[in-house]
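Here is a short briefing to read alongside the structure. Take a moment to turn the model around, then work through the topics one at a time.

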Amino acid sequence: MTLKTPLRPALAGLLLVLGLPLSSAQAQPVTERLPAASADAHAAKPAPYDARLLRMAEIVGSVTYLRTLCADVKAGEWRADMQALIDREAGAEPDRKARLTAAFNRGYRSFASVYTSCTPSAVLADQRYRDEGATLAAEIVSRFGN
């Protein structure tokens, strides 16, 4: 099935606003093991857009699963883009990195428990999540971008 992708350009815009060009995204798995958190990481003040960013990570996780399920040849790019976003946003903050990774994985697993094949319902869910993600990315950029 051919799927439209309004969220991916929005995610690219979000990466650019946060200072990371989409082309430099590393194709590392989002499910990597994280180092133990230090005392300084616990003291880090959350960014004002963290709740939105966590929701974005969950949406991208869901879309990644659905795209993989529906045999989208670019499904791996979603994971790589999310990894780039996590790397840029979390940097040396292991707790924040763990929260973003957990949100991505939660989104991925939530659909893995429901869909085992690419159905019209899965395609519709993908479209709705991409629409929500595009809106969320535009909101983050317009409200918190430089």
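**A first look**

Of the 146 residues in the protein chain, 43% are buried. Please keep in mind that this is a predicted model. The protein chain has six helices and zero strands, and its elements read α-α-α-α-α-α from the N terminus on.

**Contacts along the chain**

- Take the contacts in the protein chain between residues at least 6 apart in sequence: 85% of them join residues at least 24 apart.

**How helix H3 packs against helix H4**

- Two packed helices are described by the angle between their axes and the distance between the axes.
- Helix H3 covers residues 50–69 and helix H4 covers residues 75–90; their axes come within 8 Å and cross at roughly 160°.
- Because an angle over 145 degrees counts as roughly antiparallel, H3 is roughly antiparallel to H4.
- The crossing in which H3 passes H4 is left-handed.
- On the H3 side, the residues that meet H4 are Leu 53, Ala 57, Val 60, Val 63, Thr 64, Arg 67 and Thr 68.
- On the H4 side, their partners are Ala 75, Trp 78, Arg 79, Met 82, Leu 85 and Glu 89.
- Sorted by type, the residues of this contact of H3 with H4 are eight nonpolar, two polar and three charged.

**How helix H3 packs against helix H6**

- The axes of H3 and H6 come within 9 Å, and they cross at roughly 150°.
- That angle makes H3 roughly antiparallel to H6.
- H3 and H6 also cross in a left-handed way.
- The contact of H3 with H6 is made up of twelve nonpolar, two polar and eight charged residues.

- Side chains of opposite charge can pair when their charged atoms come close.
- How many salt bridges does a search of the whole structure find? The search finds nine.
- One of them joins the side chains of Arg 52 and Glu 139, with 2.4 Å from N to O.
- This pair links distant parts of the chain, since Arg 52 sits in helix H3 and Glu 139 in helix H6 (residues 120–144), 87 residues apart.
- Arg 52 is partly exposed because its relative accessible area is 21%, and Glu 139 counts as partly exposed at 31% relative accessibility.
- Glu 132 forms a salt bridge with Arg 55, and the closest N and O atoms of the two are 2.9 Å apart.
- Here too, distant parts of the chain are linked: Glu 132 is in helix H6 and Arg 55 is in helix H3, 77 residues apart.
- Glu 132 counts as partly exposed, with 33% relative accessibility, and so does Arg 55, with 24%.

- Arg 67 forms a salt bridge with Asp 72, where the closest N and O atoms are 2.6 Å apart.
- Is Arg 67 buried or exposed? At 1% relative accessibility, Arg 67 counts as buried, because the cut-off for buried is under 20%.
- Asp 72, at 21% relative accessibility, counts as partly exposed.
- Which residues do salt bridges that share partners join into one network? They are Arg 55, Glu 58, Arg 106 and Glu 132.
- Arg 67 is also among the H3 residues that meet H4.

Technical notes:
Residues are numbered from 1 along each chain as its sequence is written. This is a predicted model: local features need pLDDT of at least 70, side-chain atom pairs count only at pLDDT 80 or more; totals for chains, interfaces and linings use all residues. Side-chain values use heavy atoms; hydrogens and water are left out. Axes are lines fitted to C-alpha atoms, for helices over the stretch in contact, and angles run from 0 to 180 degrees between N-to-C directions. Helices (H or I, at least four residues) and strands (E, at least two) are DSSP runs, numbered from the N terminus. Angles under 35 degrees count as roughly parallel, over 145 as roughly antiparallel, 65 to 115 as roughly perpendicular and the rest as oblique. A crossing is left-handed if the near helix is turned anticlockwise from the far one by less than a right angle, and right-handed if clockwise. Contact means heavy atoms within 4.5 Å. Ala, Val, Leu, Ile, Met, Phe, Trp, Tyr, Cys and Pro count as nonpolar, Asp, Glu, Lys and Arg as charged, and the others, Gly among them, as polar. A salt bridge is a side-chain nitrogen of Lys or Arg within 4 Å of a carboxyl oxygen of Asp or Glu. Buried means under 20% relative accessible area, exposed over 50%, partly exposed in between (1.4 Å probe, protein chains only).
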